[in-house]
Amino acid sequence: MSHSARVSRAMLQLDSVSMSRSLHMSPELLAKIIECPAFADSISEGDISWIKEVGDSVSPDETVGEVETDKTSLPINAPTAGVVTKLLVEDGETVTPGTPLFEMEEGEGAPAPKKEAAPAKKEEAPAAAAPVAAPIPTAAPVPTAIPTQPISTTKTADVKPTPAAEAPVAGSRGERRVKMNRMRLRIAQRLKDAQNTAAMLTTFNEIDMSGIMKMRKEYKDLFEKEHDSRLGFMSAFIKASSVGLQKEPAINAVIDDATNEIIFRDYTDVSFAAATPKGLVVPVIRNVETMSLLDIERELARLSGIARAGKLAIEDMEGGTFTISNGGVFGSLFGTPIINPPQSGILGMHGVFDRPVAIDGKVEIRPMMYVALTYDHRLVDGREAVTFLKGIKQKIEDPRRLLLDL
């Protein structure tokens, strides 16, 4: 057989082997590397937190991990069904858009690979037992001669014997360190920036909640039946704040420190503080000045639901000209909120408690709420702040003022 014929025969054999291998490979098992998606324009990086482990099966769009940024968490979902075969970054590691995150085998019938067993720890050789000391024989006490003269002319105070060592305190006294997540770091930074920049001052008032509570009790069932939406107190405070911000535009404005200019807004975008397991978030209800109580209630329910699910987008929290924080849901009696920069004011609501108050010269028990307005005194004067807070008090005590714009 000639040399060229032998080469041709060898190539045919290689092609046959390759074809045989390709036929035996399951077309359902395809390795795929998932990368970190793009973030919002204001975010450049985040920390990865894994939900799934190597060997876990995933369905299409199931969350494998989350990238926690300064403002929100971005879910990392599996594009198709399959099995996670490798995590390419450690839990808690900082990632950027385009970073390879994990590897998976696509396909419904993908067998789960065995998880790599953690390397066994070397058993440390037991320390050599300390030799047991022989008991020291107790010598018989030597009799001491009694002195005939006093040792000192000063009377010696009775010295109590040293008490035996107290028993150890029951219970654990351990400590642990937990890394601050990015959201908590961002919250800490923003609150400290507010203290360092704004000249914060707080004014207080109290509100008799009888009027708004009576209106809610009378109409809440009809309201829910007609509009399929609950009627709460928060919508009334948001609407009253919007009216007050239009009458006192300085509280709705902001200082541009770069140009030493005041930016006045014709719109009122009200942020409301919502507590989540990962920290405080502030979704924004936009153009409240154009909204009814029903519109506000619906938007409150929508944004609150998204916040509880941890799916708030950056766009849901950007902006905002004024913030309302309701500590009353946790039973707060009194407090001074901190401005949400770069805003110039924040309203703090607190719990409703029965207290004795003077009504037309008589003492009555009424459901009362303390409210606080913290404002930037560089821009807002005391007269404007007190007038704003008094206006909210009047509208909540007599809800008809909300309809009459009084």
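Which residue in S18 does Leu201 stand opposite? The points below answer this and describe the surrounding parts of the predicted model.

1. Leu201 stands opposite Tyr375 in S18. The two strands concerned, S9 and strand S18 (residues 362–376), run antiparallel and are joined by nine bridges.

2. The sheet as a whole. Strand S9 belongs to an open sheet of six strands, arranged in the order S9-S18-S17-S16-S12-S15, with mixed pairing. Its edges are formed by strand S9 (200–208) and strand S15 (284–285), each of which pairs on one side only.

3. Pairing within the sheet. S17 and S18 are antiparallel and share 13 bridges; one example is Val357, whose bridge partner in S18 is Glu364. S16 and S17, by contrast, run parallel and are joined by four bridges. Here Ile324 has Leu347 in S17 as its bridge partner.

4. The turn between S17 and S18. This hairpin has two residues between the strands, and Asp360 takes a positive phi near 55° there. Asp360 is not a glycine. The residue is exposed, with a relative accessible area of 78%.

5. With a relative accessible area of 59%, Asp61 is exposed.

6. A cis peptide bond. Pro341 and Pro342 are joined by a cis peptide bond, with omega at about 5°. Pro342 is found in the loop that lies between strand S16 (322–326) and S17. A reader inspecting the model may wish to locate this bond in the structure above.

7. Helix against sheet. Helix H3 (residues 210–227) lies across S9, strand S17 (345–359) and S18. Relative to S18, helix H3 runs at about 100°.

8. Helix against helix. Helix H4 (residues 234–247) and helix H5 (residues 293–308) have axes that come within 9 Å and cross at roughly 115°. The crossing of H4 past H5 is right-handed. On the H4 side the contact involves Met234, Ser235, Ala236, Ile238 and Lys239, which meet Leu293, Ile296, Glu297 and Leu300 in H5. By class, this contact comprises six nonpolar, one polar and two charged residues.

9. The structure holds 11 salt bridges. In one of them Arg366 pairs with Asp208, the closest N and O atoms being 2.6 Å apart. Because Arg366 lies in strand S18 and Asp208 in strand S9, the pair ties together parts that are 158 residues apart in sequence. Asp208 is buried, with a relative accessible area of 11%. Arg366 also forms a salt bridge with Glu364, where the closest N and O atoms are 2.9 Å apart. Glu364 counts as partly exposed at 29% relative accessibility.

10. A salt bridge between loops. Arg378 forms a salt bridge with Asp257, with the closest N and O atoms 3.2 Å apart. Arg378 lies in the loop between S18 and helix H7 (382–397), and Asp257 in the loop between strand S10 (254–256) and strand S11 (261–263), so the pair ties together parts that are 121 residues apart in sequence. Both residues count as partly exposed: Arg378 at 38% relative accessibility, and Asp257 at 45%.

Conventions: Residues are numbered from 1 along each chain as its sequence is written. This is a predicted model: local features need pLDDT of at least 70, side-chain atom pairs count only at pLDDT 80 or more; totals for chains, interfaces and linings use all residues. Side-chain values use heavy atoms; hydrogens and water are left out. Two strands pair if DSSP finds at least two bridges between them. Contact means heavy atoms within 4.5 Å. Axes are lines fitted to C-alpha atoms, for helices over the stretch in contact, and angles run from 0 to 180 degrees between N-to-C directions. A crossing is left-handed if the near helix is turned anticlockwise from the far one by less than a right angle, and right-handed if clockwise. Ala, Val, Leu, Ile, Met, Phe, Trp, Tyr, Cys and Pro count as nonpolar, Asp, Glu, Lys and Arg as charged, and the others, Gly among them, as polar. Buried means under 20% relative accessible area, exposed over 50%, partly exposed in between (1.4 Å probe, protein chains only). A salt bridge is a side-chain nitrogen of Lys or Arg within 4 Å of a carboxyl oxygen of Asp or Glu.
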